[in-house]
Every structure is written in C-alpha cells, then in structure tokens.
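Please look over the sequence and the structure shown here before reading the notes that follow.

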Amino acid sequence: MQAQQARTRIMRRVIVGLVAAVAVGSIGAAVAFAVGSSMSKPQLSPSGMTGDGVTVNEVTLASGAQGASPDATPAPTEAATTPTPKTTEKAAEPTDIHIYVDYLSAGASEFEKANARQLAGWIKDGAVTVTYHPVALLTASSNGTKYSLRAASAAACVVTYSPDQFFDYNHELLTDQPAIDSDGRTDVQLADLAVAVGVQDAKKVRSCIEGQDFTGWAKDATARALEGPLPGSKDLKLNNEALIVVSGQAYVGALNDPAEFSQFVLTTASDEYYGSADPTPTPTPPVSPAPSETPTSEAPAS
C-alpha cells in the first residue's frame, strides 16, 4: 500500500508539472504571436498628399459659407507701384499658402471661420494654391482620448478615399470644434461627419476612420513638421498649432482678421513677383550733334 501511494503521488506531480508546462508554453506562444503581428503590421500612409499636406484645387459653394468676402485678388496688378527699371512681362504664379491645423486648436478655428470664404474665392480664381497640413500637437489635451491625433487621421482618411470633400470636412472639423480639455468626437462621430459632408466612398472612409488607420502617420507627420524645414520655406519649423506660411514667410498677424491676412498675402505676392522679374536695361538714345552756328548776313545799307 505504501508503494502504491508513493507511485500515485509521483504520477500526480508529473501530471501537474505537464499541465503547468503546457499552460506556460501556450501563454508564451500567444505573446510571441501578438508581438510578431504588431511588429509585422505595416504603418499605413494616406494617398493624395505631398509633403504631409493636401492641396485644395476645388471647393464647393458651401465651403466658403463663413468668413469675409474676397475683396482683393492676391496677385500683382497694374495699379501696383511699378519699379523704375523696365521688366520683361511674365505671368504671375499663384501664391503658395500652407496652413497647419490642429483640430483642437482655438487659433486654427478662428482663422478658418474668418478666412474660409476668402480662401475659397482665391482658389476658384486660381490666385493661390492652398495646402492644409493636419497636425497633432494637442493630443494630450482631450482627457486621454487623443482627439487631435484621431481627427488628423480622420482627415487623412477623407483625403485618401474622397479628396474632393476634404475642404468641406476640414471646414466642419474647425468651425464646429470641441472644446479643449474635452473628450472630443468619438471615431463614430468623426465618421458620421464625413458621411454628412458627402464623401464618395462612405464605407471605406468609415472603416478607415473607425480603425484609426492613419494615426501613426499623423504622429510622424507632426514630428517632421516640428523638425523642419517646412515645405516652401528655408528654415521654418512648426512652432504652434495654427501656423500659416505664405510663400515661405510665416504670418504673424491676427488670425481672426481677414483684411490683415489679405494685405499680407497681397504684399507677399507683389514682393515675390517683382523680386523675381528679370530687369531689362533701358536703351540710352544716342546724343544728337549740336547744329553748327552760321553767321547771319546783314542786309546792305541802302
């Protein structure tokens, strides 16, 4: 009986050890699979962007519903002061405008509300090229929901699958903006807003937004902007969540004053135009020789 009990205890220990080994092995395999899957999953990047920005070529009538009317076209005109040297005629190129927006930034919201209609008019006239750059500087200011990062990713989803609706989606994100230090919109609400502005492939856009497909890209794009130089500039870096760059120069005026911004764009466009014109020397007319003096004949005295 003692020998039988000893064998039973030994068998019980062997079985417990085998079960424990199998359990540990299963957990290790599951962890290895999860880590391997996350490491092998490629980071997705949006399409339709250049330099982490989307250039707006077309706008709808609804896009410029708010903001000032475009009272001036930002291109040099005949009324501008003409430089002294004659210049060869050349076509004025559209003024290059880059707008960096964090969708939780009050400054970015102010600028959009004040200048949306003005920008829409300039784009339609072909006077400017406007490129929006979604960034995520205020990711930590939304109660842990990372709204800035998710909103930038959502904007990239719209660019990728329905680029013609980006201007309207960007406008709605900025003008109907959640308060800072709030939770912000959920991914479902961000997708609902995209559907509301009329995206073309609603199913793909919704899947992209709710899956947070481009959050990795948004984080990296923000890091690249902080490092600089920004596209179109020599040494500018992203230094705030609402930065506007016009022909390589940072706008430092009031974000909610469309007249001041318009003047800045006009001045920058004029400086760029005349600064790059090739001067043509004015030919100097030859000096005509002075007529020779001829003596006047006196009439003979009568």
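The chain averages a pLDDT of 80, and 69% of the residues score at least 70, where pLDDT is the predictor's confidence in each residue, from 0 to 100. This is a predicted model, in which local features need pLDDT of at least 70 and side-chain atom pairs count only at pLDDT 80 or more, while totals for chains, interfaces and linings use all residues. Residues are numbered from 1 along each chain as its sequence is written, and side-chain values use heavy atoms, with hydrogens and water left out.

**Confidence**

- Over residues 76–89 the pLDDT is below 50, and this stretch has 16 contacts in the model beyond near neighbours in sequence, a contact being heavy atoms within 4.5 Å.
- Residues 277–302 also have a pLDDT below 50, with nine contacts beyond near neighbours in sequence.
- Where pLDDT is low, the predicted coordinates should not be read in detail.

**Two packed helices**

- Helix α5 (residues 187–196) packs with helix α6 (residues 202–210) at an angle of about 155 degrees, and their axes lie 9 Å apart.
- That angle makes α5 roughly antiparallel to α6, a term used for angles over 145 degrees.
- From α5, the residues in contact are D187, V188, L190, A191, D192, A194 and V195, and from α6 they are A202, V205, R206, I209 and E210.

**Residue T139**

- T139 is placed in the loop between β3 (128–134) and α3 (147–161).
- T139 counts as buried because its relative accessibility is 19%, and buried means under 20% relative accessible area (1.4 Å probe, protein chains only).
- Leaving out residues up to four places away in sequence, T139 touches K146, Y147, S148 and L149.

Notes: Axes are lines fitted to C-alpha atoms, for helices over the stretch in contact, and angles run from 0 to 180 degrees between N-to-C directions. Helices (H or I, at least four residues) and strands (E, at least two) are DSSP runs, numbered from the N terminus. Angles under 35 degrees count as roughly parallel, over 145 as roughly antiparallel, 65 to 115 as roughly perpendicular and the rest as oblique. Buried means under 20% relative accessible area, exposed over 50%, partly exposed in between (1.4 Å probe, protein chains only).
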